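Have the sequence and the 3D view ready, and follow along as we go.

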Amino acid sequence: MMEPQVDLTIAVHDVSRPIARAVASVLDHTDASIRVTIAVHEIDPASIAAQLERHMSDPRMRFIGVTDGLRSPAGPFNAGLDTAAGEFVSVMGSDDTLEPHAIDSWLRCARTTGADVVITRLRHAGGAAVPTPPTRPFRTRRLDGVRDRLSYRSAPLGLVARARFPGLRFTVGVPTGEDIAVVTRLWFSGAGIAYDRRGPAYLIHDDGGPRTTFTPRPLTEEFGWMYALTADKAFAELPRAARTAAAVKFLRIHLFGAIFYRDDPALWSASERASLAAAAQLLVDMGEGIHEVLARRDRDLLDAALDPRCPAQELIAAAHARRRFLSAGALLPRRLSRAAHREAPLRMAAASAMQLR
């Protein structure tokens, strides 16, 4: 086929994944010139081809096999990017689907705005919208990584101009977080970024089995992406505002999330507490004071994470307490003078609510 407008890669690593549903949502409902690359990771491609019989004769679909010995989607996604030749590239999980004509809408958005990156709207397949990133209200073009809090979108879902980002690849060698360096580069690149805020959504499904992101693993592994990213010279050379915007997101989402999903005190060995404290201190240092805008309950949890002597039960209790989102402790920082900061909880909550309208 001629080179497509969009090269979309779907990575699949398990024969039980609903790959036929994902492929059908794209090929059956896209008018634009596309190519769907099924990157089959560490399994027999024939086992996946058997599920795609209805589309096997479609010239817009192709298979590549990826064998790298790693339990990470970075390899198959990078293989798809390596073979892409379209104007834009895109990635998609094998569990997920696109609403009809989502790609057509992304392309219209790119053409209208002249953007190099188009962010798609996200929705859970059950119906609930995903309010990230919490951008400035109604903003659809010329998004800014700091002012529009783009770090809260952790995956490059939508379109990326291949000519503008020819070497964009996922981080290899980390079991999770392989896409965070990718989006960090995108959001703070200075490229034109648009948000297809009202277009058809990317649908996140939860019926495809456990996602590797939620599999507990040693914290040194879980935060491997963070150590690799912060050691990168390109990240160190970002403006302070960009690094602090990334740091506060890493604290709220990744560090606090890692604690919340380890709610068994037995998981918190002395070595794990030391790893947690080291990661927390790295983010505090990187943020250069940005942790001061955190809600009171977030600060309580951060204090517990920084102190390996804090009992595991107290650490876990603090992680659960911070998720009572409508309390004063979840909406106000310790110093009220920081309550108006862009990343402070009240402004974040308001911005997130606006994404649902």
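## Before we start

This is a predicted model, where local features need pLDDT of at least 70 and side-chain atom pairs count only at pLDDT 80 or more, while totals for chains, interfaces and linings use all residues. Residues are numbered from 1 along each chain as its sequence is written, and side-chain values use heavy atoms, with hydrogens and water left out.

## A helix tucked inside

Start with helix 5, residues 180-187. (Helices are DSSP runs of H or I with at least four residues, strands are runs of E with at least two, and both are numbered from the N terminus.) Six of its eight residues are buried, so helix 5 is largely enclosed by the rest of the structure. Buried means under 20% relative accessible area, exposed means over 50%, and partly exposed is in between, using a 1.4 Å probe and protein chains only.

The buried ones are Ile180, Val182, Val183, Thr184, Leu186 and Trp187. What covers them includes strand 6, strand 8, strand 9, helix 7, helix 8 and helix 9.

## Two serines in loops

Is Ser151 buried or exposed? Ser151 is buried, at a relative accessible area of 6%, and sits in the loop between strand 7 and strand 8. Not counting residues up to four places away in sequence, Ser151 touches Gly145, Trp187, Phe188, Ala245, Ala246 and Lys249. Touching, or contact, means heavy atoms within 4.5 Å.

Now look at Ser94, in the loop between strand 4 and strand 5. Ser94 counts as buried, with 5% relative accessibility. Arg21 is 73 residues away from Ser94 in sequence, yet the two are 8.4 Å apart in space, C-alpha to C-alpha.

## A pocket by helix 5

Which helix supplies the largest share of the lining of the second largest pocket? That's helix 5, with four residues. The lining has 17 residues, and Ala181, Arg185, Leu229, Asp232 and Ala234 lie nearest the pocket's centre. (On a 1 Å grid over the protein atoms alone, a pocket is an open set of points where a 1.4 Å probe fits, with protein on both sides within 12 Å along at least five of seven lines; lining residues have an atom within 4 Å of a point.)
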